[in-house]
Amino acid sequence: MFFELTQSTKTSVKAFRCSFLDFIEDPFYVSTAESVRYIADGMLVIEKGKVKELGTYENLKNKYSKIPVTFYPDMTIVPGFIDTHIHFPQMEIIASYGEQLLEWLNKYTFPTEGKFKDKAYAQKVAAVFLDELLRNGTTTTLVFAAVYPESVEAFFEEASRRNLRAIAGKVMMDRHAPDFLRDTAQTSYLQSKQLIQKWHKKGRLLYAVTPRFAITSTDEQLRLAGKLLQEFPDVYLHTHLSENVDEVAWVRELFPDCESYLNVYDRAGLVGEKSVFAHGVHLSDEEFRRLSAAKSAIAFCPTSNLFLGSGLFKLEQAKSKEYPVKVGLGTDIGGGTSFSLLQTASEAYKVAQLQRQKLSPFQALFLATLGGARALSLEDKIGNFDAGKEADFIVVNMRSTPLMAFRNREATPTSLEELVDRVFSLVMLGDDRAISATYIMGELAYEVKR
Ligand SMILES: [Zn+2]
């Protein structure tokens, strides 16, 4: 279920009373005290869909005594989750058995994506897809549509109806795919250009030039993708990079004169500040350095990397002080196995453990919120509760299942140690059931049935 906006509610000033948790800096690089903002009894004031002020209830209650206040006792409000890599046409092939990337694409993905030429079908799936995201507390996504412009139109129309901040693009692929899924370098350029002109910056929507990956694009198609980025410097580049060993070996065969997988994209002018590369599981030191220098981002997709047997992402290297790379979390549905960024963060923790590394609960939650906003160059608009930001947030119940309620007996943490422990249990055990409500620009967009 979602709620259509009405003009009167959009313009009013209102407030929420709850405990609040967000990030003002990156906990991978600075201390908890410098990065985490926690207000046990707080008040978030919203005006015209944007954050006006966040403070303690005690300090703000008199100043805003005349506005409506929604009170969520025993809950925690956090910024809406940001999914930096997901495929909407793959929703129906989630949990498809037995293959690794290249075989999985041929056996499950390509036949399914063929259905998205039918706009009515695409629209139906886009609606279910966006409802599922809101149910899981995800308020912003970077999305692969299918090769057909109709699939992008359907997605943007549905995202627009829900007033979501979303980035999407038409897949460009002119080789190594079935006939019905192939465009040409020229048609992919023209169709992408038309979609950019129609949708980029329309309301909260943004466009990403989206070549699937190096294997399914000719040199000419990649060159034209680069041309689009030159013509429209503020659109995104969204693609896959170095996910699976067989894929990396094939890229080396197809582009023998490139030093690395990343170099294939670099040569076409696709590696920049608004480039988001999914996976990066098998990157060399040199490729990490190049991504850092270019200020590009990686979408870390642990449930997908484990499900498809792709490998363990080197998060510690990506977040190094010497060559820091922006990192967000991605569910990578349908290669990934959960829409929940809590479940995704839980698997990220285990991927770190398998490499004898630690991912703290605050670092995990940062990746799902402000970290994702930074990866998408949207930190001036979303990701935390700084004044002026768009009020996309979720009401989280850290005692949402009998097990979580048993483990976390006290409703509200009273010390930092308790809070850290509580957030860790949320990341490990939480899923869609932990999301009590989702707000978009301060308006209720989803609420759990009681
Ligand atoms: Zn993907």
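Let's start with Asp 74. Asp 74 touches Ala 411 and Thr 412, leaving aside residues up to four places away in sequence. Contact here means heavy atoms within 4.5 Å. Asp 74 sits in strand β4, residues 69-79. Strands are DSSP runs of E, at least two residues, and helices are runs of H or I, at least four residues, both numbered from the N terminus. From Asp 74 to Ala 387 there are 313 residues along the chain, and their C-alpha atoms lie 24 Å apart.

A word on the source. This is a predicted model, where local features need pLDDT of at least 70 and side-chain atom pairs count only at pLDDT 80 or more, while totals for chains, interfaces and linings use all residues. Residues are numbered from 1 along each chain as its sequence is written, and side-chain values use heavy atoms, with hydrogens and water left out.

Now the metal. Which residues coordinate the zinc ion? His 85, His 87 and His 240, each through NE2, and Asp 332 through OD, at 2.0 to 2.3 Å. Donors are N, O and S atoms within 2.8 Å of the metal (3.2 Å for Na, K and Ca); water is not among the atoms, so sites may look incomplete. The donor spacing in sequence reads H-x1-H-x152-H-x91-D. Distant parts of the chain are linked here: His 87 is in strand β5 (residues 81-87), His 240 is in strand β10 (residues 236-241), and the two are 153 residues apart.

Next, helices. Take α6, residues 149-161, against α7. They pack at about 15 degrees, axes 11 Å apart. Axes are lines fitted to C-alpha atoms, for helices over the stretch in contact, and angles run from 0 to 180 degrees between N-to-C directions. So α6 and α7 are roughly parallel, the word for angles under 35 degrees. In α6, Pro 149, Val 152, Glu 153, Phe 156 and Glu 157 meet Gln 191, Leu 195, Lys 198 and Trp 199 of α7. That contact divides into five nonpolar, one polar and three charged residues. Nonpolar covers Ala, Val, Leu, Ile, Met, Phe, Trp, Tyr, Cys and Pro; charged covers Asp, Glu, Lys and Arg; the others, Gly among them, are polar.

Last, α7 (residues 185-199) with α8 (residues 219-231). Their angle is about 25 degrees, with axes 9 Å apart. That makes α7 roughly parallel to α8. On the α7 side, the contact includes Tyr 189 and Ile 196; on the α8 side, Leu 224 and Leu 228 are among the residues.

Methods: Parallel < 35°, antiparallel > 145°, perpendicular 65-115°, else oblique.
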